[in-house]
Amino acid sequence: MSTTTIYQKRRAAVARALKAAGGGVALLPTAREYPRNRDSDFPYRHDSYFYYLTGFDEPESWLAIDASGKTTLFCRPKDLEREIWDGIRLGPKAAPAQLSVDAAFSTEALDARMPALLANQKSVWFPFATHEGLDARVDGWLDKVRTRVRLGDECPQSRNDLCGVLDEMRLFKDSHEIAILRRAGKISAGAHVRAMQTSAAMLRNPVKGGLREYHLEAELLHEFRRHGSQFPAYTSIVAAGANACVLHYRAGDAELKAGELCLIDAGCELDGYASDITRTFPAGGKFTPAQRRLYDIVVESQYAAVKATRPGKRFNDPHEAALRVLAQGMLDTGLLPKAKHGKVDDVLESGAYRQFYMHRTSHWMGMDVHDCGDYSEPGSKPRPDKDAMGQPIMRKPSRILRPGMVLTIEPGIYVRPGKNVPKEFWNIGIRIEDDALVTIKGCELMTRGVPVDGDEIEALMAG
């Protein structure tokens with residue numbers, strides 16, 4: 001199947017959803033360009049929803065789909081002068097054949113043509129709260145439709161959030177998406193391997209100024225781009241020593257030292273799809289006994305979560321499986337004294353584990369690193385539960401896992417210095433993260449091209 005056909009099928013699915021809801025027209029802009037400083041923009045990245053339906057990555061573009069299946073694209077006009085500076089534009093004339101849309105017009109005609117597309121439609125659909133000023137733009141077009149009511153045109157009577165339709169579609173990855181995700185995972189895994197080996201090599205053969213976090217970040221970015229990735233999927237986390245206890249730390253200039261751990265959370269974006277890997281390794285290539293003890297607990301917790309990631313299980317099940325192993329490990333190591341905290345069920349009930357593990361184990365992944373998709377099962381009824389702080393709330397049961405879903409599995413332990421915290425574990429931060437595709441029989445870890453087992457990491461870094 002050609003990529004053009006893939007996007008056609010997705011747009012047709014949107015049209016069917018509109019028709020099932022009684023009709024209407026869906027409007028979708030792509031992302032804006034944003035200035036970085038004078039005469040320089042940030043690297044452009046398309047809107048994920050827009051790209052999902054078009055495969056088109058030029059800025060200033062809009063897509064309209066009505067319930068009959070007709071698709072209309074608005075894109076930048078051809079402009080020889082701008083193309084000399086900024087690159088070739090597709091242009092409205094070439095767009096229908098290139099993108100398999102029914103009609104295409106210049107964005108310069110957007111305000112003039114959009115009211116006609118909205119007239120006599122039952123409702124208008126667009127993504128809520130995703131594009132600044134979009135509500136006002138739609139209001140302006142609807143106002144123009146209302147001026148023609150006396151001439152027989154009807155104005156849409158309702159507006160609906162297009163995210164609900166697209167989120168459900170994007171939650172289930174097709175074979176085209178899975179192939180890209182696997183490739184992105186392979187590239188990212190190779191980058192982590194490169195960073196591990198570079199860390200050990202530079203500490204064996206010290207350089208002036210020492211080994212810095214940014215040195216390893218540079219290795220990651222080099223490997224991403226060398227294999228065709230267009231961007232990092234997010235700002236890379238390279239955290240030396242105690243910095244690993246800061247969940248959203250960014251690679252800085254801290255020095256990596258033998259005897260300390262390094263946590264790297266980094267992944268590339270390939271053809272619009274993300275990867276997301278975290279590995280924690282000894283900067284010099286050899287774990288200390290205390291580091292290895294906590295590390296093996298996190299490994300065991302991830303294995304438990306992987307085992308719980310299969311069709312029929314719920315989204316929360318991998319988290320709960322990992323959490324039980326982590327909580328038991330906290331008791332066994334004395335991070336949580338048994339005399340005070342009791343048994344593992346007591347720790348889970350009290351939430352005492354949150355001192356050392358304060359985030360969830362998984363999130364959806366795809367075009368966006370934290371991808372769209374409902375985390376609760378559609379159509380289910382709320383039931384009593386507890387929030388992240390242990391407070392009682394009403395919550396719907398979590399989503400049932402089905403083949404085609406992609407989620408991360410990323411348990412961790414983060415030990416800041418504190419009273420009654422064993423000093424041997426102070427400033428140790430560990431997270432292990434892989435990208436899992438739910439399959440018919442279980443799940444496929446798409447990012448295991450970089451080792452997880454402690455012995456395998458030491459062997460890799462010894463080379």
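Asn427 sits in the loop between strand 18 and strand 19, and in this predicted model its phi is positive, about 65°, although Asn427 is not a glycine. With a relative accessibility of 35%, Asn427 counts as partly exposed, because that class runs between 20% and 50%. If you follow the loop that joins strand 18 (412–415) to strand 19 (428–431), you will also come to Asn420, another non-glycine residue with a positive phi, in this case about 70°. Asn420 has a relative accessibility of 60% and therefore counts as exposed, since the cut-off for that word is over 50%.

Let me turn now to helix 7, which spans residues 163–171 and is mostly covered, with seven of its nine residues buried.

My last stop is on the surface, where Leu80, Ile84 and Trp85 form a nonpolar patch whose accessible area comes to about 450 Å² for the three together. Trp85 belongs to helix 3, which covers residues 80–86. Is Trp85 buried or exposed? Its relative accessible area is 67%, and Trp85 is therefore exposed, as the cut-off is over 50%.

How values were computed:
Residues numbered from 1 in each chain as written. Predicted model: local features only at pLDDT ≥ 70, side-chain atom pairs only at ≥ 80, totals over all residues. Heavy atoms only, no water. Patch = residues over 30% accessible without salt bridge, like charges linked within 9 Å, V, L, I, M, F, W, Y side chains within 5 Å. Areas by Shrake-Rupley, 256 points an atom, 1.4 Å probe, with all protein chains shown as cover. Salt bridge = Lys/Arg side-chain N within 4 Å of Asp/Glu carboxyl O. Helix = DSSP H or I, 4+ residues; strand = E, 2+ residues; numbered from the N terminus. Buried < 20%, exposed > 50% of the residue type's maximum accessible area, 1.4 Å probe, protein only.
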